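Colleague: Could you take a close look at one part of this model for me and tell me how it sits among its neighbours?

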Amino acid sequence: MNFRRGRSSDVPEINLIPFIDVLLVIIIFLMLTTTYAKFSGLEINLPTADASKQNEPPNEVSVSVTPSGQVLVNKTPLDAVSVQAISAALRRAAGDAKDPVIVINADAKATHQSVVDIMQAAQAAGYPRISFATQSPR
């Protein structure tokens, strides 16, 4: 039995309309979810000067903390590690320096409490500028 006797065979077609619809949806999705950052720069020509570099020592007080919890102020070990003792040592190390920067060099294995004690001592001594020294990974 041949039911297709009088019919010609249809050539298969690829319908592109669903493909285009899917591509438009993807493009709209990417446009909505992409963040655009505008980096603008200001071109400035800075003035030059022939001034000599000042040979003033930096206005810093270095505080180191060892893994065992010992505190060193400008490489001088402290007998007591209380907040009051550290604060007094910071005042002695700063001397007459105006608004020194306290640089904390804490070992990676030092306790968090010892670093917090140094920060409290700096605040008690009236030195609000604190910086932490780190090293870059190799």
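Modeller: Happy to. This is a predicted model, so local features need pLDDT of at least 70 and side-chain atom pairs count only at pLDDT 80 or more, while totals for chains, interfaces and linings use all residues. Residues are numbered from 1 along each chain as its sequence is written, and side-chain values use heavy atoms, with hydrogens and water left out.

The protein has three helices and five strands; helices (H or I, at least four residues) and strands (E, at least two) are DSSP runs, numbered from the N terminus. Along the sequence the pattern reads α-β-β-β-α-β-α-β. Of the 138 residues, 19% count as buried, where buried means under 20% relative accessible area, exposed over 50%, and partly exposed in between (1.4 Å probe, protein chains only). Among contacts with a separation of 6 or more, 65% come from residues 24 or more positions apart; a contact means heavy atoms within 4.5 Å.

Now to the helix itself. At 1.5 Å a residue, the 14 residues of helix 3 should span 20 Å, and the end C-alpha atoms are 20 Å apart, which agrees. The expected span is 1.5 Å times one less than the number of residues.

Which residues of helix 3 are buried? They are S114, V115, D117, I118, A121, A122 and A125. Seen down the axis of helix 3, these buried residues fall within an arc of 155 degrees, so they line one face of the helix; the arc is that of the directions from the helix axis to the C-beta atoms. An α-helix has 3.6 residues a turn, so residues three or four places apart point the same way. On the other side of helix 3, H112 and Q123 are exposed.

What covers the buried residues of helix 3 includes strand 1, strand 2, helix 2, strand 4 and strand 5. For the helix 2 part of that cover, look at S87, which is placed in helix 2. S87 counts as buried at 4% relative accessibility. Leaving aside residues up to four places away in sequence, S87 touches A121, A124 and A125.

Two strands pair if DSSP finds at least two bridges between them. Strand 1 (residues 60-65) and strand 2 pair in the antiparallel sense over three bridges, and L72 in strand 2 is the bridge partner of S64. Strand 1 and strand 4 pair in the parallel sense over six bridges, with V101 in strand 4 as the bridge partner of E60. Strand 4 and strand 5 are also a parallel pair, over three bridges, and there I130 in strand 5 is the bridge partner of I102.

Finally, follow the chain out of the helix. Helix 3 is followed by G126, whose phi is positive, near 90 degrees. Further on comes R129, whose side chain meets that of D99 in a salt bridge (3.5 Å, N to O). R129 lies in the loop between helix 3 and strand 5 and D99 in the loop between helix 2 and strand 4, so the pair ties together parts that are 30 residues apart in sequence. A search of the whole structure finds one salt bridge, defined as a side-chain nitrogen of Lys or Arg within 4 Å of a carboxyl oxygen of Asp or Glu. R129 is partly exposed, with a relative accessible area of 42%, and D99 is partly exposed at 35%.

Most residues other than glycine have a negative phi, yet the phi of D99 is near 50 degrees, a positive value in a residue other than glycine. N74 also has a positive phi, of about 50 degrees, although it is not a glycine. N74 lies in the loop between strand 2 (71-73) and strand 3 (76-77) and counts as partly exposed at 35% relative accessibility.
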